[in-house]
Amino acid sequence: MAAKKNFFYVFLGYIVFFYLFLNTAWVAEDAFITFRSVDQLLAGHGAVWNIGERVQVYTHPLWYFLVVLGKALGVESYLFVLLLSALCLFLLLTLTVWLARRQGLSYPLLFLFLFLATLSRSFIDYSSSGLENPLIHLLLGGYVAVYVSQQPPERRFFYTTLFYALVFLTRPDAIIMLTPASLALFIQLLRQRKPWLKPALLGLAPAIIWELFSLFYYGSLTPNTALAKVNLGYEPITLLNNAYYYFRASFRFDPLTLVVILLAVVAGILSAERRLRLLALGLLLQLVYITKVGGDYMLGRFLSASVLQALLPRLLRKPWRSSTVIITK
């Protein structure tokens, strides 16, 4: 009887999420920039916008090459990004349910957590959109899951570093949220005189390889999309004013998201648990970054992963131990 009841709560959570996903699924105009570059690559012209001009017009190499794979398999990019987004959401939900079971969390409480996430317009809206957010959500879930585990320090450092690199390849500025936790793990290894160079190099290998390729192929370590949004000569007060309107509009149209993030920052910093403090510090740095760059024209795009990082650590109250043994040294 209890098993049937638990299954009901989990099944209901999936149904609610995918009903909202199907009801709100969309593809933003920015995604079509990626689609054009995908078409150019598959046509033999390279990963460019215009033929003969080596310019990186996409911010998300990992997401880009997944879309390339889908188009190469014969699925139109518009449809493929929606299918890929749905897969990322399914895997994230499955990971959350699995972790909740490892924690011994009651299923009604798990359903309440999932229901709270559905009330965030930022999270639901950017669980699709054709942009990289769904993949960031999934990778962030993996990072937090490993970070709160009871893995040996070297193994935990390797896996979190790998997730860190994959998040960087999905959207470089998203690593801001994870940097305090990753830096603390690195310092922990140094203090304990544990091997750190090999797991660091192995974990960061995907990002290092991409940056070397980017420097060779595009002549720059930074995508053009980032260069076009920084160093534009705006006065700091102008950017601060834009950020103010961004957060004001966010609170007006999606109040729960900002409230959850701010509460998580305050509760995390005041928490006696070090891991919660570090994840909360990452959220705070993300808010500072959004303020510094003057917000964004897509309401909620920079906040969808933040609300997930605000909620997940509160769900994973106890460290968990994996039975899988993988040697990294």
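This is a predicted model: local features need pLDDT of at least 70, side-chain atom pairs count only at pLDDT 80 or more; totals for chains, interfaces and linings use all residues.
What volume does the largest cavity have? About 120 Å³. Residues are numbered from 1 along each chain as its sequence is written, and side-chain values use heavy atoms, with hydrogens and water left out.

Let's start with the holes. A cavity here is a set of points, on a 1 Å grid over the protein atoms alone, where a 1.4 Å probe fits but cannot get out. Grid points are joined across faces, edges and corners, and the volume is the space filled by probe spheres set on the points. Searching the whole structure turns up 3 cavities of 30 Å³ or more.

Who lines the largest one? Lining residues are those with an atom within 4 Å of a point. For the largest cavity they are Glu132, Asn133, Ile136, Arg171, Asp173, Ala174, Met177, Gln286, Arg301, Phe302, Ala305 and Ser306. Two helices, α7 (133–147) and α15 (304–315), each supply at least two residues of that lining. (Helices are DSSP runs of H or I, at least four residues long, numbered from the N terminus.) By class, the lining splits into 5 nonpolar, 3 polar and 4 charged residues. In this scheme Ala, Val, Leu, Ile, Met, Phe, Trp, Tyr, Cys and Pro count as nonpolar, Asp, Glu, Lys and Arg as charged, and the others, Gly among them, as polar.

The second largest cavity has a volume of about 60 Å³. Around it sit Ala264, Gly268, Leu276, Leu279, Ala280, Leu283, Gln309, Ala310, Pro313 and Arg314. Helix α15 turns up again here, and α13 (255–270), α14 (274–292) and α15 each supply at least two lining residues. This lining divides into 7 nonpolar, 2 polar and 1 charged.

Now for how the helices pack. Two packed helices are described by the angle between their axes and the distance between the axes. The axes are lines fitted to C-alpha atoms, for helices over the stretch in contact, and angles run from 0 to 180 degrees between N-to-C directions. Take α8 (residues 153–170) and α10 (residues 197–217): they pack at an angle of about 10°, with their axes 7 Å apart. The two are therefore roughly parallel to each other, a label given to angles under 35 degrees, while over 145 is roughly antiparallel, 65 to 115 roughly perpendicular and the rest oblique. On the α8 side, the contact (heavy atoms within 4.5 Å) includes Phe157, Phe158, Thr161 and Leu162, and on the α10 side Leu202, Gly203, Leu204 and Trp210 are among the partners. Sorted by class, this contact has 15 nonpolar, 2 polar and 2 charged residues.

Not counting residues up to four places away in sequence, Leu204 touches Thr161, Tyr164 and Ala165. Leu204 and Phe158 are 46 residues apart in sequence, and their C-alpha atoms are 8.8 Å apart in space. Leu204 has a relative accessible area of 29%, so it counts as partly exposed; buried means under 20%, exposed over 50% and partly exposed in between, using a 1.4 Å probe and protein chains only.

Helix α9 (residues 179–191) meets α14 in another way: the angle is about 135°, with the axes 7 Å apart. That makes α9 oblique to α14. Pro180, Ala181 and Ala184 come from α9, and Arg274, Leu278, Leu279, Leu281, Gly282 and Leu285 from α14. The class count is 7 nonpolar, 1 polar and 1 charged.

Finally, a look at the backbone. Most residues other than glycine have a negative phi. Ser129, though not a glycine, has a positive phi of about 80°. You'll find Ser129 in the loop between α6 (121–125) and α7, and with a relative accessible area of 0%, Ser129 is buried. Arg193 has a positive phi too, about 55°, and is not a glycine either. Arg193 belongs to the loop between α9 and α10. Is Arg193 buried or exposed? Its relative accessible area is 78%, so Arg193 is exposed.

How values were computed. On a 1 Å grid over the protein atoms alone, a cavity is a set of points where a 1.4 Å probe fits but cannot get out, and a pocket is an open set with protein on both sides within 12 Å along at least five of seven lines; lining residues have an atom within 4 Å of a point.
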